[in-house]
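Here is a short tour for someone meeting this structure for the first time. Please keep the sequence and the model side by side while reading.

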Amino acid sequence: MNAIEIEGLHTYYGKSHILHGVSLTVEEGRLTTLLGRNGAGKTTTMRSVMGLTPAREGTVRIFGRETTRWPSFRIAALGVGYVPEGRRIFPNLSVEENLKVPLERPGPWSIPRVYELFPRLQERKLNRGRQLSGGEQEMLSIARALLLNPRVLILDEPSQGLAPLIVRDVFRIVAEMRNEGISVLLVEQNVRMSLEIADYAYVLDDGMIVHAGPAAELARDEERIQSLAGATAEEWHEKEPAA
Ligand SMILES: Nc1ncnc2c1ncn2[C@@H]1O[C@H](COP(=O)(O)OP(=O)(O)OP(=O)(O)O)[C@@H](O)[C@H]1O
Ligand SMILES: [Mg+2]
């Protein structure tokens with residue numbers, strides 16, 4: 001069964017036509033990445049999957065159920081964890097209190113288990129959200145989504161604005177999620193790192209899917225990576241340790 005299957009999505013903000021027939025599949029147990037430049041429509045695609053900006057045309061299927069017109073809370077209840085752009089944590093609550101907020105779904109993830117995965121959060125459990133660094137806030141957002149014991153996790157640019165060393169940590173954790181059997185849809189601008197951990201990749205441009213294929217295949221296509229990521233790819237290339 002596929003975790004997420006979207007077909008021919010057309011999504012609008014008012015009169016602006018943003019997605020022009022987007023189709024993609026997230027296979028169960030796999031890490032699928034959706035890449036593309038600023039404004040390509042990546043977040044809009046996630047919002048359409050989550051029912052936050054429902055598509056006007058096309059269908060969304062999650063674990064075999066057609067959810068196109070479902071409200072977000074019903075979609076979440078199917079076991080879809082969503083970590084939106086920009087880390088929505090509670091700044092005035094402690095780390096521990098932030099972790100107690102999500103409604104729990106039964107499963108293997110509990111607060112002690114997320115502390116095992118993120119020792120940094122355990123060390124800082126009495127600190128308030130606003131006292132955390134960007135990387136710690138991202139970890140807290142991911143930890144909260146894990147406590148829902150999702151069957152599929154949707155992450156919107158988890159590496160945004162983080163220092164390179166922390167970025168590596170975040171990508172390692174995302175890969176670990178997949179190794180735990182969670183299906184993942186990862187939206188990223190960090191093309192190289194995403195392709196390193198993903199099984200399958202899609203490229204979105206101007207609201208249309210312009211490439212779909214195994215991540216390893218795209219990772220070898222230097223020219224396409226350059227055109228996709230531009231300066232970002234260059235930057236990562238230079239930081240790669242010499243082999
Ligand atoms: N609430 C909104 N109202 C109107 N237009 C919007 C709205 N949100 C996004 N857009 C437009 O929709 C297009 C796609 O935006 P979207 O946020 O999906 O892109 P993205 O690929 O996630 O970009 P980024 O990498 O910058 O996050 C952009 O042209 C954007 O300006
Ligand atoms: Mg976005």
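Which residues does alanine 143 touch, not counting residues up to four places away in sequence? They are Leu99, Val114, Phe118 and Leu121. Touching here means contact: the two C-beta atoms, placed from the backbone, lie within 7 Å.

## Ground rules

This is a predicted model, in which local features need pLDDT of at least 70, side-chain atom pairs count only at pLDDT 80 or more, and totals for chains, interfaces and linings use all residues. Residues are numbered from 1 along each chain as its sequence is written, while chains are lettered from A and ligands numbered from 1 in the order in which they are written.

Helices (H or I, at least four residues) and strands (E, at least two) are DSSP runs, numbered from the N terminus.

## The nonpolar core

Alanine 143 has a place in the largest nonpolar core, which holds 64 residues. Such a core is a set of buried Ala, Val, Leu, Ile, Met, Phe, Trp, Tyr and Cys residues joined through C-beta atoms within 7 Å. Burial is a count of other C-beta atoms, placed from the backbone, within 10 Å of a residue's own: 20 or more is buried, 12 or fewer is exposed, and in between is partly exposed.

Ala143, Val152, Ile154, Val184 and Ala201 have the most contacts inside the core. Helix 6 gives the most to this core, with six residues. That helix spans residues 134-146 and lies across strand 6 and strand 7. Its direction is about 165° to strand 6. Axes are lines fitted to C-alpha atoms, for helices over the stretch in contact, and angles run from 0 to 180 degrees between N-to-C directions.

Six strands form an open sheet with mixed pairing, in the order 6-7-8-3-9-10. Strand 6 and strand 10 are its edges, each pairing on one side only. From one strand to the next, the twist averages 15°. Two strands pair if DSSP finds at least two bridges between them. Helix 1 lies across strands 3, 6, 7, 8 and 9, running at about 150° to strand 7.

Start at strand 6, residues 80-83. Val80 and Tyr82 point one way, Gly81 and Val83 the other, and all are buried. Four bridges join strand 6 to strand 7 (residues 152-156) in parallel. Tyrosine 82 stands opposite isoleucine 154. Why does valine 83 count as buried? Because it has 23 C-beta neighbours inside 10 Å. Valine 83 touches Ser141, Ile142, Ala145, Leu155, Asp156 and Pro158, not counting residues up to four places away in sequence.

Strand 9 (residues 200-205) and strand 10 pair in the antiparallel sense over six bridges. Leucine 204 faces isoleucine 209 across this pairing. Valine 210 also lies in strand 10, residues 208-214. With 13 other C-beta atoms within 10 Å, valine 210 is partly exposed.

A second open sheet has four strands in the order 2-1-4-5, with antiparallel pairing. Its edge strands are strand 2 and strand 5 (65-66). Two bridges join strand 4 (residues 57-62) to strand 5. Here arginine 61 stands opposite glutamate 66.

## Two positive phi values

Most residues other than glycine have a negative phi. Phenylalanine 63 has a positive one, near 45°. Its place is the loop between strand 4 and strand 5. Glutamate 157 has a positive phi near 50° and sits in the loop between strand 7 and helix 7 (164-179).

## Around ligand 1

The shell around ligand 1 consists of Tyr13, Ser16, Ile18, Gly36, Asn38, Gly39, Ala40, Gly41, Lys42, Thr43, Thr44 and Gln189. A residue is near the ligand if its C-beta atom, placed from the backbone, lies within 6 Å of it. Strand 2 (16-27) and helix 1 (42-50) each give two or more residues. Helix 1 gives the most, with three.

By class, the shell has three nonpolar, eight polar and one charged residues. Ala, Val, Leu, Ile, Met, Phe, Trp, Tyr, Cys and Pro count as nonpolar, Asp, Glu, Lys and Arg as charged, and the others, Gly among them, as polar.
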